[in-house]
Amino acid sequence: MVAIIVHGGAGTIRKEERIPKAIAGVKEAVLAGWRELKRGSALDAVEEAVKALEDNPVFNAGTGSVLTLDGKVEMDAAIMRGKTLDAGAVAGIWGVKNPISVARKVMEKTDHVLLNGEGAVKFARLLGFEEYDPVTEERRKQWEELRKKLIERGETRHWKKLNELIREYPEVLRSTVGAVAFDGEEVVAGTSTGGVFLKMFGRVGDTPIIGGGTYANEVAGASCTGLGEVAIKLALAKSATDFVRLGMDAQSASEAAISLATKYFGPDTMGIIMVDSRGNVGFAKNTKHMSYAFMRDGMEEPEAGV
C-alpha cells in the first residue's frame, strides 16, 4: 500500500478567493509526487511534491517566500528517509529556486545534516544550483505594508508585537509546505518554508530541525506547519511518530500531536500531516485552515481540502 499526502500550510485564509487556489495547488503537488511514487521512490515523490509547492507563489516556500524584517528572503527546508534515518536540511538559504532539492543534496553529498546561511548558499552553487530570486511583487507589497504597521506601533524587535500582527494577518504571516510518502518499503518526509513574515534576521523555525518540523523513521513520517517555535519545543514531528510506535495509526497520531500542541500552547498554533508504514495517511490542525491533498492505492483522484 503506497500513499502520499501534502500540505500547503496551516493558518487562516481570510480571502475566500485564495481557497480554490490553495486546493488546486496541493492537488497539483500531490499528483506530481504520486507520479514519482508509482515509479517506486518515496524520496523522489516527496522532493517533486515539495518542489511543486515551492514553485507555486500561492504558498510561502520557494517562489513567494515571505520577507524578513530587513526585507530579505531566508528559506528553510529538510528531507528525511525513515529506513536509514538519513537526513538533510538547509536553514536561512537564499538565491535558490528549490531549497528542498538543496536539502536532499546535503543528505546525499555531505556527512552533515544541516547547512545554514552563506554556507548553504555556497554549497548550492558548488553543486550547480543557479541564482534565483524568489521574491514576488505581492510579497514585497505585503512586506512594506506590514513593516509600516509594526514600526508605527513603536517596536520592531519584539515578538509580542509580531504576534499581534500574526493574529491580524494570519494568512500572510506564517505558512509552510510539506509532503510525506510511503513507497511500500520506506517512509520519507520533507518540509519547506519561507518562514514568518517580518521575522528577525537569522531566525530559524522548525522546518529544518530534524524532529521538530520534519521527521521520518521505520514506522511513520511527519511534516509540521504553524508556529515553528511550538513544534521545536515539543519536538512535534518526532513525538507524532512516537505515537505510531505506541500503536496508533497515522490519523490518530496526527490528532494526538495537535492535542499536545493545543494543551501547551493553545489553539491556532499548529497543523501536521503523516503517513505510516502501513500506508495510512493522517492530518490534523488546530487552526481554521490547512490545505492538504492525499493519494493512496485504489484512488483515481486526490482527496483535497482546507
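1. **Ground rules.** In this predicted model, local features need pLDDT of at least 70 and side-chain atom pairs count only at pLDDT 80 or more, while totals for chains, interfaces and linings use all residues. Residues are numbered from 1 along each chain as its sequence is written, and side-chain values use heavy atoms, with hydrogens and water left out.

2. **α9 against α10.** Two packed helices are described by the angle between their axes and the distance between the axes. Helix α9 spans residues 236–245 and helix α10 spans residues 250–265. Helices and strands here are DSSP runs, numbered from the N terminus (helices H or I, at least four residues; strands E, at least two). The axes of α9 and α10 lie 8 Å apart, at an angle of about 135 degrees. Axes are lines fitted to C-alpha atoms, for helices over the stretch in contact, and angles run from 0 to 180 degrees between N-to-C directions. The pair is therefore oblique. On this scale, angles under 35 degrees are roughly parallel, over 145 roughly antiparallel, 65 to 115 roughly perpendicular, and the rest oblique.

3. **Handedness and contact residues.** α9 and α10 make a right-handed crossing. Right-handed means that the near helix is turned clockwise from the far one by less than a right angle; anticlockwise is left-handed. From α9, the contact uses L236, A240, F243 and V244; from α10, it uses A253, A256, A257 and L260. Contact means heavy atoms within 4.5 Å. By class, the contact has 8 nonpolar, no polar and no charged residues. Ala, Val, Leu, Ile, Met, Phe, Trp, Tyr, Cys and Pro count as nonpolar, Asp, Glu, Lys and Arg as charged, and the others, Gly among them, as polar.

4. **How enclosed is α9?** Of the 10 residues of α9, 7 are buried, so the helix is largely enclosed by the rest of the structure. Buried means under 20% relative accessible area, exposed over 50%, and partly exposed in between (1.4 Å probe, protein chains only). The buried residues are L236, A237, S239, A240, T241, F243 and V244. Their cover includes β7 (214–216), β8 (220–226), α8 (228–234), α10 and β9 (270–276).

5. **α2 against α3.** Helix α2 (residues 42–54) and helix α3 (residues 99–109) cross at roughly 150 degrees, with axes within 8 Å. They are therefore roughly antiparallel. On the α2 side, the contact involves L43, D44, E47, V50, K51 and E54; on the α3 side, P99, I100, S101, R104, M107 and E108. This contact has 5 nonpolar, 1 polar and 6 charged residues.

6. α3 is largely enclosed by the rest of the structure, because 8 of its 11 residues are buried. R104 is one of the buried residues, as are P99 and M107. Elements covering the buried residues include α2, β2 (75–81), β3 (87–93), β4 (114–116), α4 (117–126) and β6 (187–193).

7. The unreviewed UniProt entry annotates T176 as "active site". UniProt positions are given in the numbering used here, feature names are shortened, and annotations may be inferred rather than shown by experiment. T176 sits in the loop between α7 (170–173) and β5 (177–182). T176 is buried, with a relative accessible area of 4%. Leaving out residues up to four places away in sequence, its contacts include H7, N60, T193, C224 and T225.

8. The unreviewed entry lists R203, V204, G205, D206, T225, G226, L227 and G228 under "binding site". T225 lies in strand β8 and is buried at 0% relative accessible area. Beyond its neighbours within four places in sequence, T225 contacts T176 and M290, among others.

9. **M290.** M290 belongs to strand β11 (residues 289–296). At 1% relative accessibility, M290 is buried. Its C-alpha atom is 9.2 Å from that of S175, 115 residues apart along the chain. Residues touching M290 include H7, G9, A10 and T225.

10. **Positive phi.** Most residues other than glycine have a negative phi. L85 has a positive phi near 65 degrees; it lies in the loop between β2 and β3 and is partly exposed at 46%. A235 has a positive phi near 45 degrees. A235 is in the loop between α8 and α9 and is partly exposed at 30%. Just after α9, G247 has a positive phi of about 120 degrees.
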